[in-house]
Every structure is written in structure tokens, then in C-alpha cells.
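Good morning, and thank you for the time. Please turn to the sequence and the model while I describe them.

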Amino acid sequence: AVTDFLRSGLFRWAGDANSFVGDSYIELVCSPNNPDGAIRDAVLSSGAGKAVHDLAYYWPQYTPITRRADHDIMLFTVSKSTGHAGTRIG
């Protein structure tokens with residue numbers, strides 16, 4: 001919805017990564033998944049694409065940490081673990 005709203009010619013929502021056809025992409029990987037806590041990996045792999053790993057729930061109180069996070073692009077937040085998930089500062 002956001003890419004459609006911005007009407008950017010650079011990006012378009014292509015749906016489920018499992019059914020994606022093409023080389024250039026930005027894949028968003030939410031791991032561990034909310035609400036089931038499953039650890040997820042990137043589905044696509046191409047030299048022309050990038051995976052962005054959203055690790056907002058990558059904390060031991062939400063899911064067992066079974067391996068080290070070692071990705072090129074990782075997003076973290078402490079707002080979930082401190083109880084400030086609804087607070088926006090910017």
C-alpha cells in the first residue's frame with residue numbers, strides 16, 4: 001500500500017517472495033515472526049537483490065535465540081522490550 005501511495009516508479013509490491021519472478025528486489029524478512037516466534041530466513045537469493053532483516057522481536061523474552069544474527073542489513077528496536085512500542089519519536 002505504501003509503494004502504491006508514493007507512486008514511485010522505483011518500487012512495486014510484488015507479493016509473496018515464494019512466487020516472485022525476477023532478479024532485482026528488496027525482500028523484507030521479519031524474524032522471529034510475530035505472533036508465532038518462528039525464525040525466518042530470506043527466500044530469494046540473487047546478486048541484484050537485497051534482503052532487509054527486521055529483528056524487532058529478536059530478544060530472548062520473545063523467542064529462543066538459537067543462532068547469531070549476521071546479515072548485511074538488520075533493523076533492531078528496543079521499544080518492544082521496554083514497553084514503548086506505540087511511542088513514536090521523530
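First, a note on method. This is a predicted model, in which local features need pLDDT of at least 70, side-chain atom pairs count only at pLDDT 80 or more, and totals for chains, interfaces and linings use all residues. Residues are numbered from 1 along each chain as its sequence is written, and side-chain values use heavy atoms, with hydrogens and water left out.

Let us begin with the fold. The protein chain contains two helices and three strands. Here helices (H or I, at least four residues) and strands (E, at least two) are DSSP runs, numbered from the N terminus. Following the sequence, one reads the pattern α-β-β-β-α. The C-alpha trace spans about 40 × 30 × 20 Å along its principal axes.

Two further values describe the chain as a whole. Of its 90 residues, 21% count as buried. Buried means under 20% relative accessible area, exposed means over 50%, and partly exposed lies in between, using a 1.4 Å probe and protein chains only. The other value concerns contacts, where contact means heavy atoms within 4.5 Å. Among contacts between residues at least 6 apart in sequence, 32% join residues at least 24 apart.

I turn now to the strands. Two strands pair if DSSP finds at least two bridges between them. Strand β1 and strand β2 (residues 50–54) run parallel and are joined by five bridges. Within this pair, Val29 stands opposite His53 in β2. Strand β2 is also joined to strand β3 (residues 73–75), by three bridges, and these two run parallel. There, Val52 has Ile73 in β3 as its bridge partner.

Next comes the loop between β1 and β2. Which peptide bond is cis? It is the one that joins Ser31 and Pro32, with omega about -5°. In general, most peptide bonds are trans. Pro32 itself belongs to the loop between β1 and β2.

Asn33 is found in that loop too. Asn33 counts as buried because its relative accessibility is 18%. Its side chain makes a polar contact with the side chain of Asp36, at 3.1 Å. A polar contact is a pair of N or O atoms within 3.5 Å; within protein, one must be able to donate a hydrogen and the other to accept it, and residues adjacent in sequence count only if both atoms are side-chain atoms. Leaving out residues up to four places away in sequence, Asn33 touches Ala38 and Arg40.

Gly37 is another residue of the loop between β1 and β2. Is Gly37 buried or exposed? Gly37 has a relative accessible area of 16%, and therefore it is buried. Gly37 and Tyr57 are 20 residues apart in sequence, yet their C-alpha atoms are 8.1 Å apart in space. Not counting residues up to four places away in sequence, Gly37 touches Pro32 and Thr63.

Thr63 takes us to the loop between β2 and β3. With a relative accessible area of 7%, Thr63 is buried. The side chain of Thr63 reaches the backbone oxygen of Gly37 at 3.0 Å. Beyond residues up to four places away in sequence, Thr63 touches Pro32, Gly37, Ile39 and Tyr57.

Ala56 also has its place in the loop between β2 and β3. Ala56 counts as buried because its relative accessibility is 11%. Apart from neighbours within four places in sequence, Ala56 is in contact with Leu75, Thr77 and Lys80.

Finally, the pocket. On a 1 Å grid over the protein atoms alone, a pocket is an open set of points where a 1.4 Å probe fits, with protein on both sides within 12 Å along at least five of seven lines; lining residues have an atom within 4 Å of a point. How many residues line the largest pocket? There are 24, and Trp13, Gly15, Ile26, Glu27 and Leu28 lie nearest its centre. Strand β1 (residues 26–30) supplies the largest share of the lining, five residues.

One of the residues nearest the centre, Trp13, lies in the loop between α1 (2–6) and β1. Trp13 is exposed, because its relative accessible area is 64%. Between Trp13 and Ile26, which are 13 residues apart in sequence, the C-alpha to C-alpha distance is 9.8 Å.
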